[in-house]
Amino acid sequence: MNKPVRVRFAPSPTGYLHVGGARSALFNYLFARHHGGTFILRIEDTDRSRFVADALKEIYESLRWLGLQWDEGPEAPGEYGPYIQSQRLDIYRKHAQILLDSGHAYRCFCTPERLSQLRAEQEKTKQNAGYDRKCRNLSPEEEKKLLDAGTPYVIRFKIPSGRTVAFEDGIRGKIEYSSDVLDDLVLIKSDGYPTYHMANVVDDHLMAISHVLRGDEWIASTPRHVLLYEAFGWEAPVFAHLPVILSPDGGKLSKRKGAASVMDYKNAGYLPEALFNFLAFLGWAPGDDREKMSREELIKAFSLEQVSPKASVLDEKKLEWMNGLYMAERDSRSLAEEVLPVWKERGYLSSEKTSDDPWLLQIIDLLKGRSKRITELIDNSSYFFKDPESYEEKAARKTFTPDSLQNLIQIKSALSVQDNFSHEKLETLYRDLAEKSGISSGKLIHPTRLAVSGVSFGPGLFELMQTLGKETVLRRIERAIEFISKTTAQVEKENG
RNA sequence: GGUCCCUUCGUCUAGUGGUUAGGACACAGGAUUUUCAUUCCUGCAACAGGGGUUCAAUUCCCCUAGGGACUACCA
C-alpha cells in the first residue's frame, strides 16, 4: 500500500454546497495535504433530471472561499480528465461492455412500471426489497428479439450469491455484508447515463484514487462497489466513511433551521478561516487541548485515525465564539474590503472611498475586537457615519438626567476650546473636569457616549471621540443637550 | 420489515483495563474595565441500561434501548 495519495471530493450539482459536503471536502483536502498527495474535484452530474444550472458555480465559489482549491478537476486541468462525468459517457459504456462480455452484467428490459409494482408487492408481503432478477437469464434469442424491437433497457450488475463481502473502513474498522442482501444494481440507465455506482467506481479507478473519504450514507453501497472492483479485476481504494453533521435538534441541517450552505455562513458574516477551523473539529480532534488551529497546523495534525464515527451537532454559538477570535486578529485592511461595499450600499460612504482609507481602518480597528461576525461589525458601525436618530431608550432614561444636562453643557464648552482631539488629551480633559467638579468620571463619560453614539456600548469613548472628530462630537453633544432639555421640560410639565 | 452504522457533561470532544474522567462552547457567580466586548478566577454538568470477562471495567465481549443510513433507471 504505497500508492501516492490521491483523494477526491465528488459533489453532484443538484444545489448549493452544504456544510456537510464542505466538511467532507475539507477532510479530503487535509488528508491530501498531510500526505503530500493530490486533492481532486470531480463533478458527478449523471442525473440529468436533478441538474441545477447554477449549482456548479456555487460549488466552485464555496470551495474557493473556504480555501479548498483543488489540484485537479474542472478549471484545474490534470492528466486524468475530463473531471465532469457527463463528459465521460463513452468511458462508462465501454466499461459496461467489458462487464457484459465477461458475464458480470446483463441487459434488463423490465419497465419502471413493473419494478414499482414489484416493490409494492414486496412491501405488502414484507419481503426484502430488490429486483427479482427476471432478466438475468434471458436466452440469447429472447434478448436479440427485444433488442431488435428497440425495447429500452438498463444494464445490471450480477451480484454473486452466497458471498461475504468485507471491507476495512478507515474509521470504523471491518464491515461485513452478505451478498445475498444485495440486489442486482443498475449500472447504465436506459438514457445511456451511468448510475452513481458505475461512474464512481470506474472513475475512482481510472483517476488512481487511493482513498475514498465520503459521507457515511455510502456505507451500504460500499459492498456493491467492492464487488464491482472485483469484477473488473481492480484493486479497491481504502474506504473511510465520514459521519454526518446535524442541526441542534438532532435533525438534518437545513435552511429553515438557520444556515445550511457554505454561502449562508458567508452571508451571515463568518470568516472562511474560522469556518475552516470549526468544521475541522466536527468529528475530528488532534488529541490534545488545542482548538484554535491554523490551516498549516491542521494539515500537520490531521489523521484519519482521530476521526470520530459519531454524527455531530453543529453548535453555532461555538462557531460564533471562534469567529470572534479570528475577527479580532484579522488584518483590518482585508476586513475593510469585505465591509466597504456594504457601507457604500447603505449610503454611509461615497463611492470613491477605498479600503486603505486610514479613517475607515481606524473604525474597523475599534470594532473588530468586539464583533463576533462581520455583519455584527457592520450593524454597530452606523454612528461613525450618521448622527444618532434616537437614543437607546433604557440608557437614555438612566443617563440623560438633569444633572447630566449640566455636565454635557460643561463638557461642550471645554471641548470647544480643545484643539488636540487625541484620545490621550481627551482622557486627561475628562479626568480633570471630573476632579474639579468633584464627581466620578463616569458621570461625564456615560452621557457623552450616549450623546455621541446613541447607544450605551461600544469602543473606548476617547478613541471613539478621536475617530469621530471635534466637529461631529460637538454637534452631537449639542443635539443631546437639546434633546434632554426638551424631555426634562416635558416631564416637568406632566408632573406639575 | 430487512441490512448496516452510531452512543463520554446541554453541545463539540480528550482519554485509559486501576484517573479527583481532562479541555472548549454555552450557562451561573466573581475580579478587572468609562460602557460593551475581551481577559482572568470560580462553579454547574457526562461514561445510555443490563449482563458477562477480569483482582479491577467508562475502556474488552454479548444483549437491550435510543438515534441514524440504506433498501430508486437519485446521488
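Predicted model: local features only at pLDDT ≥ 70, side-chain atom pairs only at ≥ 80, totals over all residues.
Helix α17 spans residues 423-437, and its axis lies 8 Å from that of α19. The packing angle is about 125°. That angle makes α17 oblique to α19. The contact involves His-423, Leu-426 and Glu-427 on the α17 side. On the α19 side, these residues meet Phe-462, Glu-463, Met-465 and Gln-466.

Helix α19 (residues 461-468) also packs with helix α13 (residues 358-368). Here the axes come within 10 Å and cross at roughly 160°. An angle over 145° counts as roughly antiparallel, so α13 is roughly antiparallel to α19. The crossing of α13 and α19 is left-handed. Gln-362, Ile-363 and Leu-366 are the contributors from α13. Their partners in α19 are Glu-463, Leu-464 and Thr-467.

The overall architecture of chain A was examined next. Its secondary structure comprises 20 helices and eleven strands. The radius of gyration is 33 Å, whereas the globule rule gives 23 Å for 496 residues. Chain A is therefore more spread out than a compact globule. Along the principal axes, the C-alpha atoms fill a box of roughly 110 × 50 × 40 Å. Of the 496 residues, 32% count as buried. Contacts between residues at least 6 apart in sequence were also classified by separation; 77% of them join residues at least 24 apart.

The average pLDDT of chain A is 93. A score of at least 70 is reached by 98% of the residues. For the complex, the predictor gives an ipTM of 0.95 and a pTM of 0.93.

Helix α9 (residues 272-280) is mostly covered. Seven of its nine residues are buried. The buried stretch consists of Ala-274, Leu-275, Phe-276, Asn-277, Phe-278, Leu-279 and Ala-280. Several helices contribute to the cover. Among them are α1 (19-34) and α8 (262-267). Helices α10 (295-301) and α11 (316-329) are also included.

Leu-17 sits in the loop between β1 (6-9) and α1. Leu-17 counts as buried because 24 C-beta neighbours fall inside 10 Å, and the threshold for burial is 20 or more. Residues up to four places away in sequence were set aside when its contacts were listed. The remaining partners include Pro-11 and Ala-22. Glu-58, Ile-59, Ser-62 and Leu-63 also touch Leu-17, as do Ser-261 and Val-262. Helix α2 covers residues 55-65, and α8 covers residues 262-267. By contrast, Leu-17 and Ser-139 are 47 Å apart, C-alpha to C-alpha. Their separation in sequence is 122 residues.

Lys-412 belongs to helix α16 (residues 402-416). This lysine is partly exposed, with 17 other C-beta atoms within 10 Å. Beyond its neighbours within four places in sequence, Lys-412 is in contact with Leu-474, Ile-477, Glu-478 and Ile-481. The C-alpha atoms of Lys-412 and Arg-475 are separated by 9.4 Å. These two residues are 63 apart along the chain.

Backbone geometry was then inspected for exceptions. Most residues other than glycine have a negative phi, and most peptide bonds are trans. The bond from Gly-81 to Pro-82 is cis, with omega near -5°. Pro-82 is placed in the loop between α2 (55-65) and α3 (89-101). Glu-75 is found in the loop between α2 and α3 as well. Glu-75 is not a glycine, yet its phi is positive, at about 65°. With 11 C-beta neighbours inside 10 Å, Glu-75 counts as exposed.

Arg-133 likewise has a positive phi of about 65° without being a glycine. Its position is in the loop between α4 (112-124) and α5 (140-148). Arg-133 has 15 C-beta neighbours inside 10 Å and therefore counts as partly exposed.

Key:
Residues numbered from 1 in each chain as written. Chains lettered and ligands numbered in written order. Helix = DSSP H or I, 4+ residues; strand = E, 2+ residues; numbered from the N terminus. Rg over C-alpha atoms; globule rule 2.2 N^0.38 Å. Buried ≥ 20, exposed ≤ 12 C-beta atoms within 10 Å, placed from the backbone. Contact = placed C-beta atoms within 7 Å. pLDDT = per-residue confidence, 0-100. Axes fitted to C-alpha atoms, helices over the stretch in contact; angles between N-to-C directions. Parallel < 35°, antiparallel > 145°, perpendicular 65-115°, else oblique. Left-handed = near helix turned anticlockwise from the far one by under 90°.
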